[in-house]
Amino acid sequence: MKTEITPGVIFGECLVDDFGTAQRLGGAPFNVAQHLHALGVASILVSRVGRDASGQRILQRMRDWGMPTHDVLEDDTLPTGRVRVIVDARQGHRFEILPHQAYDAISLPVKVTDRIPWLYHGSLAVREDGPSRTTWRQLRARADWRFVDINLRDPWWNPEILAEVMQDSSVLKCNVEELEQIMRTYDLPRTSTLREAMEAVARRFHVRAVLVTQGAAGAAYGDETHFYEAKAVPTTVRDTVGAGDAFAAGWIWGSFREDAVERRLQRAVELAAAVCALSGALPEQPDFYQRIVARWTKED
């Protein structure tokens, strides 16, 4: 099933998740780009990889899936991004993110000169005061609609740039721990409910809508007048790497279809649960998506 949407821009990191015994392709923007492409939503991935074996794996994966690669540039000196993933039986997983990678030097594509109908980005690729941050600011200034998926990995963020990233976003997505961190960092008034916390963040940063993922507790959506919650979908969890990226893609897909908010939220949760049953953040075969979309289409 193809969703006829004017291609937008997905900006940020392409990298390799290093599990020690296995290396998986990843990076939230890369993951979201594959998910949306497989679900029928076209986009331009603006990123940078090294001229190395990992970079070639990423580019080949994109070619194999029919994704455009012309705006994923190769760097002659910096390596393709790599993140060490440490799986923890109690906490799920934690990350060791390496400094100064190719995705810290993303340049503005020559072809991206006009208005951008929609832009997806996170916060990791703007961690350095350098080319990627400059490119992100140029893209943000041209975007009509902006989905912001923050990724607070110490020490790779600071309050000043995070506030700029979140400010005036159309949709701000975070997990519940990140929501609490935002409340503490910006000294927002203490609240007694999740809804009140989401509303406080939305007011502080002039955000139109907030999405919060809560792992096994499901997810929530809030805007100026509405609040919805969705329960988690039971699944056999192999690891939770990339679950939030799948959630974001599911939500964006439903938004472009103009699904009701409750349905968008539930389907985003379903896609996240399906990814949790995989090893790594991405499925290896397109039939993963075909089965999901077939079920969703049948429900419509």
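Me: Where is His206, and what makes its backbone worth a look?

Reply: His206 is in the loop between α6 and β11. This is a predicted model, where local features need pLDDT of at least 70, side-chain atom pairs count only at pLDDT 80 or more, and totals for chains, interfaces and linings use all residues. Residues are numbered from 1 along each chain as its sequence is written, and side-chain values use heavy atoms, with hydrogens and water left out. As for the backbone, most residues other than glycine have a negative phi. His206 isn't a glycine, yet its phi is positive, about 55°.

Me: Why is Asp187 called exposed?

Reply: Asp187 has a relative accessible area of 67%, so it's exposed; the cut-offs are under 20% for buried, over 50% for exposed and partly exposed in between, with a 1.4 Å probe and protein chains only. Asp187 is in the loop between α5 and α6, and it has a positive phi of about 50° without being a glycine.

Me: And how do you know that Met67 is buried?

Reply: Met67 comes out at 7% relative accessible area, so it counts as buried. Met67 is in the loop between α2 and β5. Leaving out residues up to four places away in sequence, Met67 touches Ala33, Gln34, His37 and Met62, where contact means heavy atoms within 4.5 Å.

Me: What makes Leu59 buried, and what does it touch?

Reply: Leu59 has 3% relative accessibility, so buried is the word for it. Leu59 is in helix α2. With residues up to four places away in sequence not counted, Leu59 touches Val49, Thr69, Val72 and Glu74. Val49 is 10 residues from Leu59 along the chain, and their C-alpha atoms are separated by 8.7 Å.

Me: How do you know that α1 and α7 are oblique?

Reply: Two packed helices are described by the angle between their axes and the distance between the axes. Axes are lines fitted to C-alpha atoms, for helices over the stretch in contact, and angles run from 0 to 180 degrees between N-to-C directions. Under 35 degrees is roughly parallel, over 145 roughly antiparallel, 65 to 115 roughly perpendicular, and the rest oblique. The axes of α1 (residues 28–39) and α7 (residues 243–256) come within 9 Å and cross at roughly 40°, and α1 and α7 are therefore oblique to each other. The contact is made by Ala28, Asn31, Val32, His35, Leu36 and Leu39 of α1 with Asp245, Ala246, Ala248, Ala249, Ile252 and Trp253 of α7.

Me: What is the make-up of that contact by class?

Reply: The contact of α1 with α7 has nine nonpolar, two polar and one charged residues. Ala, Val, Leu, Ile, Met, Phe, Trp, Tyr, Cys and Pro count as nonpolar, Asp, Glu, Lys and Arg as charged, and the others, Gly among them, as polar.

Me: What makes α5 oblique to α6?

Reply: The axes of α5 (residues 176–185) and α6 (residues 194–205) come within 10 Å and cross at roughly 55°. That makes α5 oblique to α6. Leu179, Ile182 and Met183 of α5 meet Leu194, Ala197, Met198, Ala200, Val201 and Phe205 of α6. By class, that contact has nine nonpolar, no polar and no charged residues.

Me: Why is one side of β5 and of β13 left without a neighbour in the sheet?

Reply: Nine strands form an open sheet with mixed pairing, in the order β5-β4-β1-β8-β9-β10-β11-β12-β13. β5 (72–75) and β13 (227–230) stand at its edges with a single partner strand each, so one side of each has no neighbour in the sheet. Two strands pair if DSSP finds at least two bridges between them.

Me: How do you know that β1 and β8 pair?

Reply: Three bridges join β1 (residues 8–11) to β8 (residues 119–121), and the two run parallel. Ile10 stands opposite Tyr120 in β8.

Me: What about β2 and β3?

Reply: β2 (residues 15–18) and β3 (residues 23–26) pair over four bridges in the antiparallel sense, with Val16 opposite Leu25 in β3. Their hairpin has four residues between the strands, and Gly20 takes a positive phi near 95° there.

Me: What makes the bond between Asp154 and Pro155 stand out?

Reply: Most peptide bonds are trans. The one joining Asp154 and Pro155 is cis, with omega about 0°. Pro155 is in the loop between β9 (146–149) and α4 (159–166).
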